[in-house]
Structures are given as C-alpha cells and as structure tokens.
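Hi,

Here is the structure I promised to pass on.

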Amino acid sequence: MSLLHLAGLIVGIFLVIGAICAIARVIIGPTALDRILALDVLLAIVLCSLGADMAINRHADTLPVLVVLAFFGVTGSISITRFISRREEP
Amino acid sequence: MNSDLIRDLLTALLLVIGAALSVAAGVGILRFPDVLSRLHAGTKPQILGLTCILIAVVLQNFTWSAASSVIVILVIQYLTQPISAHLVGRSAYRADNVRRDLLIADELASVRIAQDEDDDDDPGDNAPAPPAA
C-alpha cells in the first residue's frame, strides 16, 4: 500500500463523514435556506471527492466534469433564494 | 525517485488538509445554531479545501492542460461562491430566519424597522418606496 493510497483512505473517510453531516442537515434542516446551504456544501464535497480521485489515481479524466459543476453549482442556490418568502415560519 | 517521494508527500498532505476542511464544513453545518453561523461554517472551508485538492491534482498531473482547467475551476469558484453566500445571507435576514439573540451588532435594524412599518404587501426588492400620500 503506497503513501497515496493510505492518504486516499483517510480522505475517503473524512469526505464520507462530511457528506453524511451535510445530508443530515438537508433532512432535518428547519428552513429551506438551511437545505440550500447544506446542498452547496454537499456539492463542494462531491467536487473534492472527484479531485481526490484524480490526484490519487493520477489521471485528469474528470476535470471537464469539475468545470461544468463549478459553472452550474451556483445557479441552484441563487435561483432558490429569490423565492424565499418574507415570513417563513421555521 | 526522491522528487517523486516529495511530490507524493506534498500531494498526500494537501489531500488530507482539503478533506479535513470538508469535514469541518460538514460538522459545522450540522452543529451550528442558525443560518448565518452555518453560512460561516459552510462556505469558508469548502473554497480552501477545493483549492488544496486541485493543487494536489496539478502536482500529480503536471501538464499545462490540467493546470489551465484547474485555474478555470478555481476562478469560477472564487467568483461565484461569495455571490451565493451573500444571497443566502440576505434572504435569511429578509425572511427573519436569523436568531437575533445571537447577533452582536445588527447594523440593518433601523432599516428593517422602517421597512416593517410601510410594507404590508411586499412590493419586491427594487420597487421604489410608495409615495407619501
């Protein structure tokens, strides 16, 4: 087991913990804004996991996927926050 | 051989730092009490973590094509993440999803009180103030 594979194990465990926390906040989040924020964090964790896979296995195949996700990841939160009503009961 | 070992060490270090920052974002977004503090916990580590992991990608694929794609990704993220964070914070404040007992300073309080007095039907964001009859 090389050094990079050991690092990959640690990175995988960390990213899974972060993703589980974000999904838990999506499920229990009291308002829509909490859910949007947690989905943003989940998207960033997906970007990080794709990048970690590229760095560990030494390929650059999913870089276009990262470019597209970085372009369009922001449109979700921007478009949803326009429709948050003024008084939303938590 | 030796330079490969140094490169692998640097890559492993950057990957672990990025993953630890992602864990910090996840735990913070689960544990913090209201939307604004969750915004603080969620948005800062994810930019830095993504930066660390993409630098690790460039270290392992040391070519111009990989580096240019990574620069494009980083510039887009740096430009768009503050926009979405600002919009989430703004609509949290306007929708009263903020716990005001946790705020130290609320510099928009006077604006908010003046707005509460004269909009019952919420004319929208950029609508001009209704003329005083």
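Read along the sequence, chain A runs α-α-α, with three helices and zero strands. Helices (H or I, at least four residues) and strands (E, at least two) are DSSP runs here, numbered from the N terminus. Chain B follows the pattern α-α-α-α, so to speak its four helices and zero strands in order.

Before going on: this is a predicted model, in which local features need pLDDT of at least 70 and side-chain atom pairs count only at pLDDT 80 or more, while totals for chains, interfaces and linings use all residues. Residues are numbered from 1 along each chain as its sequence is written, chains are lettered from A and ligands numbered from 1 in the order in which they are written, and side-chain values use heavy atoms, with hydrogens and water left out.

On burial, 46% of the 90 residues of chain A count as buried, and in chain B buried residues make up 44% of 133. Buried means under 20% relative accessible area, exposed over 50%, and partly exposed in between (1.4 Å probe, protein chains only). As for contacts (heavy atoms within 4.5 Å), take those in chain A with a separation of 6 or more: residues 24 or more positions apart account for 48% of them. For chain B, 62% of the contacts between residues at least 6 apart in sequence join residues at least 24 apart.

Now the helices. The expected span is 1.5 Å times one less than the number of residues. Among the buried residues of α1(A) are A:Leu4, A:Ala7, A:Val11, A:Leu15, A:Ala22 and A:Arg25. An α-helix has 3.6 residues a turn, so residues three or four places apart point the same way. The cover over the buried residues of α1(A) includes α2 of chain A as well as α1 (2-31) and α2 of chain B.

α2(A) also has 26 residues and reaches 38 Å from its first C-alpha to its last, close to the expected 38 Å. Just after α2(A) comes A:Arg58, with a positive phi of about 55 degrees. In chain B, α3 has 31 residues and reaches 45 Å, close to the 45 Å expected; B:Asp96, which follows α3(B), has a positive phi near 60 degrees.

Two threonines in chain B are worth a look. B:Thr43 sits in helix α2 and is buried, at a relative accessible area of 16%; its side chain reaches the backbone oxygen of B:Leu39 at 2.7 Å. B:Thr63 lies in the loop between α2 (35-60) and α3 and is partly exposed, at 43%. A polar atom of the B:Thr63 side chain lies 3.4 Å from the backbone nitrogen of B:Ala66.

A search of the whole structure finds one cavity of 30 Å³ or more. A cavity is a set of points on a 1 Å grid over the protein atoms alone where a 1.4 Å probe fits but cannot get out, and its lining residues have an atom within 4 Å of a point. Residues lining the largest cavity include A:Asp40, A:Leu43, B:Gln77 and B:Ser84.

Cheers

Methods:
1 Å grid on protein atoms, 1.4 Å probe; cavity = no way out; pocket = protein on both sides within 12 Å on 5 of 7 lines; lining within 4 Å. Points joined across faces, edges and corners; volume = space filled by probe spheres on them. Polar contact = N/O pair within 3.5 Å; in protein donor to acceptor, adjacent residues only side chain to side chain.
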